[in-house]
Amino acid sequence: MIVPGASSQGLAAALAAELGEPLSAATYDRFPDGETLAAVPEFEGGDRAVVVATTDSNDAWVELLQLQDAVREAGASEVVTVLPYMGYARQDEAFEDGHPVSARAMARAVSTTADRVVLVNPHEERIADFFDVHVTVVDAATCLADPLPDDLDDPLFLSPDAGAVELAAAVRDAYGRGETDYFEKVRHSGTDVEITPSDADAADRDVVIADDIIATGSTMSQAVGHLDEGGANRVFAACVHALLVRNARTKLERAGVERVFGTDTVERDVSAVSVAPFVAAAVDSVAVGE
């Protein structure tokens, strides 16, 4: 049975259709004191439970842990936890003395009641090592080519930094033509990022900037500004995880992005394609302990 978190109801339904398995009618409540309660009143013991929950907020993390515990309490034969987007994944080290490794703390909490975990494009693949159970990492970047216009003119696929150039190349390969390059990015703080233009000539070309996450949109907007100065034609933004927090959409629109395309790992109005087929393959192909 597929058990959706409140933030992943659309993806959970798509995954249920892909796997041909029933979709649980999970419930989500809040007590007067602010505490949450996520439950699975229809779950039948003995079934495999696939909990699908994007953890894009602290409440979502609590809800996930409650859903895992609820299906275990109801007698699930196996608990598979799908983290379409894993919050805190960018806090994968102690950046200052006294800081936690938050990604590790969250991974250990999930591991207490999951038999295995599926991660979709975690910010760093080494995040998988923080879990105490088997982890399958899914790369869904290629699906970002699907919603792109068919008529891109001499397309240039750029990543905001060298670390995401393989993702941009995957989108380019799936699209079938184009060139790949990246910007140089220097992060001065959590909010202060400096972008240096790439060497690729963007003049009179359509450009796709591809990344794993768009959060505040600041880095992406800077990149678009450089492309505009370089005479680019249309500019599209594509990402696996479209967090789009605060005024990110406004930043991107003001910078000149024609369209933003994301997946349903974070369900937004820009979720133009589903990662359900990739997740379904991972859920069904890996057995516990392999």
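This briefing covers a sheet, its strands and helices, and a few single residues.

The model is predicted: local features need pLDDT of at least 70, side-chain atom pairs count only at pLDDT 80 or more, and totals for chains, interfaces and linings use all residues. Residues are numbered from 1 along each chain as its sequence is written, and side-chain values use heavy atoms, with hydrogens and water left out. An open sheet of 6 strands runs in the order β9-β8-β12-β13-β14-β15, with parallel pairing. Helices (H or I, at least four residues) and strands (E, at least two) are DSSP runs, numbered from the N terminus. Two strands pair if DSSP finds at least two bridges between them.

**Sheet layout**

- The edge strands are β9 (179–182) and β15 (271–273), and each pairs on one side only.
- Neighbouring strands of this sheet are turned by 35° against each other on average, direction ignored.
- Axes are lines fitted to C-alpha atoms, for helices over the stretch in contact; angles run from 0 to 180 degrees between N-to-C directions.
- Helix α5 (residues 218–229) packs on the sheet and touches β8, β12 and β13 (235–242).
- The direction of α5 makes about 170° with that of β12.
- Contact here means heavy atoms within 4.5 Å.

**Strand β8 and its partners**

- Strand β8 (residues 156–159) and strand β12 (residues 207–214) run parallel, joined by 3 bridges.
- Across this pairing, Phe157 stands opposite Val208, and Leu158 stands opposite Ile209.
- β8 is also joined to β9 by 4 bridges, again in parallel.
- Leu156 faces Glu179 of β9 in this pairing, standing opposite it.
- The chain passes from β8 through helix α4 (residues 165–175) to β9, and this β-α-β crossover is right-handed.
- Right-handed means that, with the strands pointing away from the viewer, the path from the first strand over the helix to the second runs clockwise.
- Both faces of β8 are covered.
- Leu156 and Leu158 are buried on one side, Phe157 and Ser159 on the other.
- Buried means under 20% relative accessible area, exposed over 50%, and partly exposed in between (1.4 Å probe, protein chains only).
- In a regular strand the side chains alternate between the two faces of the sheet.

**Strand β14 and its partners**

- Strand β14 (residues 259–263) has 4 of its 5 residues buried, so it is largely enclosed by the rest of the structure.
- β13 and β14 pair in the parallel sense over 3 bridges.
- Val260 in β14 is the bridge partner of Ala237.
- Helix α6 (residues 248–255) carries the chain from β13 to β14, in a right-handed β-α-β crossover.
- On to β15, the parallel pairing of β14 has 2 bridges.
- Thr263 stands opposite Val273 in β15.

- Ala276, Val279, Ala280, Ala282 and Val283 are buried in helix α7 (residues 276–285).
- These residues cover an arc of only 165° around the axis, which puts them on the same side of α7.
- The arc is that of the directions from the helix axis to the C-beta atoms.
- An α-helix has 3.6 residues a turn, so residues three or four places apart point the same way.
- The cover over the buried residues of α7 includes α1 (9–19), β4 (48–52), β5 (78–83), β6 (116–120) and β7 (134–138).
- Val118 lies in strand β6.
- Val118 is buried, with a relative accessible area of 1%.
- Beyond its neighbours within four places in sequence, Val118 has contacts including Val80, Leu83, Thr136, Ala282 and Val283.
- Val118 and Leu83 are 35 residues apart in sequence and 6.1 Å apart in space, C-alpha to C-alpha.

**Leu37**

- Leu37 belongs to strand β3 (residues 36–39).
- Leu37 is partly exposed, with a relative accessible area of 36%.
- Not counting residues up to four places away in sequence, Leu37 touches Thr27, Tyr28, Asp29, Phe31 and Gln66.
- Leu37 and Gln66 are 29 residues apart in sequence and 7.2 Å apart in space, C-alpha to C-alpha.

**Cysteines**

- The whole structure holds 0 disulfides, a disulfide being a pair of cysteine sulfur atoms within 2.5 Å.
- Cys143 is in no disulfide; its nearest cysteine sulfur, that of Cys239, is 10 Å away.
- Cys143 is buried, with a relative accessible area of 3%.
- Cys239 is likewise in no disulfide.
- Cys239 is buried, with a relative accessible area of 0%.
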